[in-house]
Amino acid sequence: MDWDLIYSHAQQWVKEAGERIRSSFDQTLDIQTKSNPNDLVTNMDKETEQFFISKIKQTYPGHKIMGEEGFGDQLDSLEGVVWLIDPIDGTMNFIHQQRNFAISLGIYEDGVGKIGLVYDVVHDELYHASRGIGAYLNDEPIPLLGETTVKESIIALNATWVMKNHRIDHHLLIPLARDARGTRSYGSAALELIFVATGRVDAYLSLRLSPWDFAGGAVIIEELGGIVTNLRGEKLDFLSKDSVFAAKPGLHQTILDEYLKSGKW
Ligand code: IPD
Ligand code: CA
Ligand code: CA
């Protein structure tokens with residue numbers, strides 16, 4: 001397997017897809033809803049996914065693809081090389097703000113993350129990592145993550161989880177939100193994972209994400225010494241939806257032990 005070539009193709013295609021998204025900004029979007037009125041999809045989400053699929057299928061016919069918009073393969077295993085694609089992560093931001101969204105791509109071999117890319121399209125910032133080779137923001141290496149304490153940390157989480165909701169007891173996360181130096185919510189899981197990777201936030205947690213939301217970011221964070229699990233502290237399974245908890249080393253264990261142990265996540 002020529003992983004250097006796969007890595008360079010992935011970077012080239014993500015950049016090309018980003019260019020297409022940027023040049024769509026002055027066109028009218030076709031916006032539809034999916035599972036609920038706030039679950040949005042546009043023609044650009046679909047076109048971007050189809051763009052990746054045609055490139056991958058032409059160049060690597062043996063590789064499999066899991067894409068959010070459903071144009072990829074139906075997978076029941078992660079055997080072989082699998083591309084996990086979120087063509088636009090943060091679609092609501094894309095529609096309302098034309099910023100704060102990203103393309104997320106993870107390439108896995110037999111379930112192990114080999115390459116991760118998250119492209120902040122508007123800022124032309126490509127975050128990328130290849131397992132064992134380091135993580136970069138464009139051409140600049142990203143420094144390894146260090147340790148910190150809860151009281152000096154910024155935690156990214158969605159306000160939904162600290163107000164009454166149908167999924168969890170909303171009291172569970174209030175102590176963490178209260179003890180941290182600050183909380184943030186950006187509306188793009190892929191970018192929030194990148195903010196952990198770059199130390200802009202110290203931890204990110206979400207109650208329910210899909211593999212394409214976290215497959216790219218997880219490779220980048222782990223390459224920098226950060227830890228990515230579900231909220232129970234278990235390894236993520238890249239075939240199903242799960243909660244996600246990413247943090248700096250040390251801080252990850254502290255939050256698990258002191259704040260998350262009592263929850264049924
Ligand atoms: C969503 C974003 C959001 C997260 C949602 C995801 P989408 O992805 O990552 O931050 O809270 O759970 O579905 O739908 O914009 O690709
Ligand atoms: Ca997403
Ligand atoms: Ca998406």
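Which element gives the largest share of the lining of the largest pocket? The legends below start with that pocket. This is a predicted model, in which local features need pLDDT of at least 70 and side-chain atom pairs count only at pLDDT 80 or more, while totals for chains, interfaces and linings use all residues. Residues are numbered from 1 along each chain as its sequence is written, chains are lettered from A and ligands numbered from 1 in the order in which they are written, and side-chain values use heavy atoms, with hydrogens and water left out.

**View 1. The largest pocket holds about 1,300 Å³ of space.** The answer to the opening question is β12, with five residues of the lining. A pocket here is an open set of points on a 1 Å grid over the protein atoms alone, where a 1.4 Å probe fits and protein lies on both sides within 12 Å along at least five of seven lines; lining residues have an atom within 4 Å of a point. Grid points are joined across faces, edges and corners, and the volume is the space filled by probe spheres set on them. In total 39 residues line this pocket, and N38, D39, N158, R208 and L209 lie nearest its centre. Two or more lining residues come from each of β4 (81-89), α3 (91-97), α5 (189-197), β12 (203-209) and α6 (211-223). Helices (H or I, at least four residues) and strands (E, at least two) are DSSP runs numbered from the N terminus. Sorted by class, the lining has 11 nonpolar, 15 polar and 13 charged residues. For this sorting, Ala, Val, Leu, Ile, Met, Phe, Trp, Tyr, Cys and Pro count as nonpolar, Asp, Glu, Lys and Arg as charged, and the others, Gly among them, as polar.

**View 2. The second largest pocket holds about 270 Å³ of space.** Look for G111, E222, K235, L236 and F238, the closest to its centre of the 15 residues that line it. The elements giving two or more residues to this lining are β6 (112-120), α6 and β13 (227-229), and α6 gives the most, with three. By class, this lining divides into eight nonpolar, three polar and four charged residues.

**View 3. The largest nonpolar core has 38 residues.** Such a core is a set of buried Ala, Val, Leu, Ile, Met, Phe, Trp, Tyr and Cys residues joined through side-chain atoms within 4.5 Å. Buried means under 20% relative accessible area, exposed over 50%, and partly exposed in between (1.4 Å probe, protein chains only). I220 and F238 have the most contacts inside this core. At least two core residues come from each of β4, β5 (102-109), β7 (125-130), α5, β12, α6 and β14 (242-247), with the largest share, eight residues, supplied by α5. Leaving aside neighbours within four places in sequence, F238 is in contact (heavy atoms within 4.5 Å) with M66, L78, L84, Y108, G111, P211, F214, A215 and A218. Another core, of 29 residues, lies apart from this one and includes I21, M44, F51 and L117.

**View 4. Helix α5 is mostly covered.** Nine of its nine residues are buried, including E192 and F195. After α5 comes G199, which has a positive phi near 75 degrees.

**View 5. Two calcium ions, ligand 2 and ligand 3, lie 3.7 Å apart and are bridged by D86.** Donors are N, O and S atoms within 2.8 Å of the metal (3.2 Å for Na, K and Ca); water is not among the atoms, so sites may look incomplete. The calcium ion (ligand 3) is coordinated by E68 (OE), D86 (OD) and I88 (O) at 2.2 to 2.3 Å, and these donors follow the spacing E-x17-D-x1-I along the chain. E68 sits in the loop between β3 (64-67) and β4, 18 residues from D86 in strand β4. E68 is partly exposed, at 23% relative accessibility, whereas D86 is buried, at 1%.

**View 6. A17 is found in helix α1 (residues 3-22).** A17 has a relative accessible area of 1%, so it counts as buried. Not counting residues up to four places away in sequence, A17 touches T48, F51, F52 and I103.
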